[in-house]
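Please study the sequence and the structure shown here before reading on. The explanation after them is written for a reader who is new to protein structure.

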Amino acid sequence: MAVTNTAALAANGQIKSRKLVNITVDGHEYQVGADQTLLEGLREAGIKVPTLCNWQGLHPAGACRVCVVELEGARTLVASCTQPIVDGMVVRTQTPRVRLARKINLELQLANHPEDCFYCQRNNNCELQTLAAEYGVERRYRGKRKQALNDVTSYALMRDPEKCILCQRCVTTCADVQAVACITPLKRGFDTTIGVAFGEGIGDSECVNCGQCTKVCPTGALVERDDLAKVYTALADPTKYVVAQIAPAVRVSLAQEFGMSPGADFTGKLVAGLKLVGFTKVFDTNYAADLTIMEEAAELVGRVKNNGPFPLVTSCCPAWIKFAEQYYPDHLENLSSCKSPQMMMGAVLHSEYAKKTEATRDGTFVVSMMPCTAKKWEMNKVSEGDVDVVLTTRELVRMLKREQINLAELEPVSFDPVFGASTWAPAIFGVSGGVAEAAIRTAYQMVTGEELPVPDFTPVRGLEGVKTTVVDVNGVQLRSAVISGLQNVRDFFAQGGWEDYHFIEVMACPGGCINGGGQPYSEHWPLRRLMESLYGIDKNMSWRRSHENPEIVDLYEQYLGAPNSEKAHHLLHRSYVDRSMDYLPQ
Amino acid sequence: MGVQTEVVSATEKRSTLIARLHEVQEREGYLPAVEIAAIAKEMGMSAAQVMGVATFYNHFRLRPPGKHSIKVCDGTACHVKGSNKLLDRIEAELNIQPGESTEDGMFTLHVVACLGACSMAPAMVIDDDVHGRVSPRQLKRILNSYRRRQ
């Protein structure tokens, strides 16, 4: 009898008290977990079943009918994604009847799908295209085709309703994972379309631009807004001093795109690659993250002294900020007034950095490489010229491949220093809990003058949606919470008791920026490995606290004075607006 | 426990969504956007989710109905007698599709299955008046008579 790995783990007691069932698939017996769908059971047994609508962790929609299998005793083929698994099931997944049904279902999808793969962002990276090839589709059906205009209302995302196959992954993600539900199926039958309540498109809706929907879309119907052309124009312009900044999460998310093992640290290779593309300087957004930590920790210390208002809530994540401005307008005073790291970096590069180099304020052109689509919105709506273009990890990969640059082959190069000597900054900001950990380390030092005795801050590490910890700072029990995933955020604030915390870190994407909406496509994105990689980078640093970063010390000594000084406020802080009425009909 | 109760009551509230939409449409004649937003808030749903329900059912209207309703019959007899041509004419004359209202708020156009006036095919009903054997040429005169009525 074939025994799967999971079953073996269960037998060894490594997975506790998991109920198992026996199923027969294509003539072989398997033991897999009970309490799951047939599709999940088949996949656990290592059997490949195609699907265009199912997605790990999302409620199954049963919409695409591509995962059909033959189930003994059933009159018709069954969609394995919505069929609960039962002990003794006899299933066939590769019979001519199954293959033909899948092929027909794909052909019917394609009969109402544009055949313009050449011009599609998802060309060669599209689930529908891949399955069509696998099943040898033919053009046997012709009929009416959906006709609709592209939705270009958003700064972050683009939607092509003609490419939409109505799988509902985006709808479920938006509603269940991110608790926004700004997109939903409208109308019925052939006219069904995914859309927003009021206005022309997603840019007119409560969409927080997190981009989680683009990561689950099986086709090119929902994608990031492609801003590569702006970068090429700037690179070709001799009056522009084009520089790049790289977010922490990006550097550990590239390896598998260039055929290397996921999670490998590509920091130095990426710097080298961007120099080849033509960027004059390449900076580390971690520098600005450290700056954020200095400002935020000083804010926290100030609030501890003044006894509030608590909690202080982080402001690094623009999707969370828009969410807060829309749904918690009465608590905007709880948000840290710090700009996000990418904006702080842009502000420093356009001002103090430009002053000391050959670049001019207007000539400096800052391109942010971010794991995030919401940063595009932030750049356009909030940053007031701090940043010029935001590229997601996916666009970055496209750019490098277009330039025929294979990062895997490049020798690593160090970041350019913003001030003083080049340093490698910690990278933990890319994962949920990283900002809280760094802020608490620095706030502790600011208050006590000593370093926090526990070097690895384990309570806020990990991929859980909500993590909490208490640190004794000179007799004050500093309570912090770390939350990621906006549904978790909504639940946390609805539960009550949030007022008892002093510091709360919020990241909109589950797990933090490593799971950002601009990250490469993959249903089995190796979150844990990326997280371990970021903490690994942190461990190898010669210094590990934001307030010890010599470049940061330099910046304060030479230009800004102290954290939260007037100059620092002018350059590095921002304000918030109540957006609770912005998307309501007049 | 508190959370549990909240979930139950939210689900209960949502089960009354369609009834609430009926109520508003009865009162206003259609579902104004502000009411959709208000219902969403009340039900703990997003406005888009309420809109999804409102656009799913033919019964709900998102725009105010015109002053006069035109029902063009497309039953078998009327169809044979050229109701398509009549409908095309009306659509061109008023610049609307079935289910829509004219910009001046005067007419709403519907296509119905059978009015039971087969002997007068092709037939249409404007408000409560039945118009039989309507030739496309008569159409303009008939519509104008309603425009004058205000």
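The paragraphs below treat strands, then salt bridges, then a surface patch.

This is a predicted model, in which local features need pLDDT of at least 70, side-chain atom pairs count only at pLDDT 80 or more, and totals for chains, interfaces and linings use all residues. Residues are numbered from 1 along each chain as its sequence is written, chains are lettered from A and ligands numbered from 1 in the order in which they are written, and side-chain values use heavy atoms, with hydrogens and water left out.

Helices (H or I, at least four residues) and strands (E, at least two) are DSSP runs, numbered from the N terminus. Chain A contains an open sheet of five strands in the order S2-S1-S5-S3-S4, with mixed pairing; two strands pair if DSSP finds at least two bridges between them. Its edge strands, S2 (28–33) and S4 (78–79), each pair on one side only. Within chain A, strands S3 (residues 68–71) and S5 (residues 90–92) run antiparallel and are joined by two bridges.

Elsewhere in chain A, four bridges join the parallel strands S13 (residues 364–370) and S14. The chain passes from S13(A) through helix H13 (residues 374–381) to S14(A) in a right-handed β-α-β crossover (with the strands pointing away from the viewer, the path from the first strand over the helix to the second runs clockwise). In a regular strand the side chains alternate between the two faces of the sheet. In S14 (residues 389–392) of chain A, Val389(A) and Leu391(A) point one way and Val390(A) and Thr392(A) the other way, and all are buried; buried means under 20% relative accessible area, exposed over 50%, and partly exposed in between (1.4 Å probe, protein chains only).

A salt bridge is a side-chain nitrogen of Lys or Arg within 4 Å of a carboxyl oxygen of Asp or Glu, and the count over all chains is 35. One of them joins Arg169(A) and Glu127(A) (3.0 Å, N to O). Arg169(A) lies in helix H5 (residues 169–177) and Glu127(A) in helix H4 of chain A, so the pair ties together parts that are 42 residues apart in sequence. Arg169(A) is buried, at 2% relative accessible area, whereas Glu127(A) is partly exposed, at 23%.

In chain B, Ile18(B), Phe56(B) and Tyr57(B) form a nonpolar patch on the surface, with about 250 Å² of accessible area together. Patches are made of residues with over 30% relative accessible area and no salt bridge, where like charges are joined within 9 Å and nonpolar side chains (Val, Leu, Ile, Met, Phe, Trp, Tyr) within 5 Å; accessible areas come from the Shrake-Rupley method with a 1.4 Å probe, and for residues only the protein chains shown count as cover.
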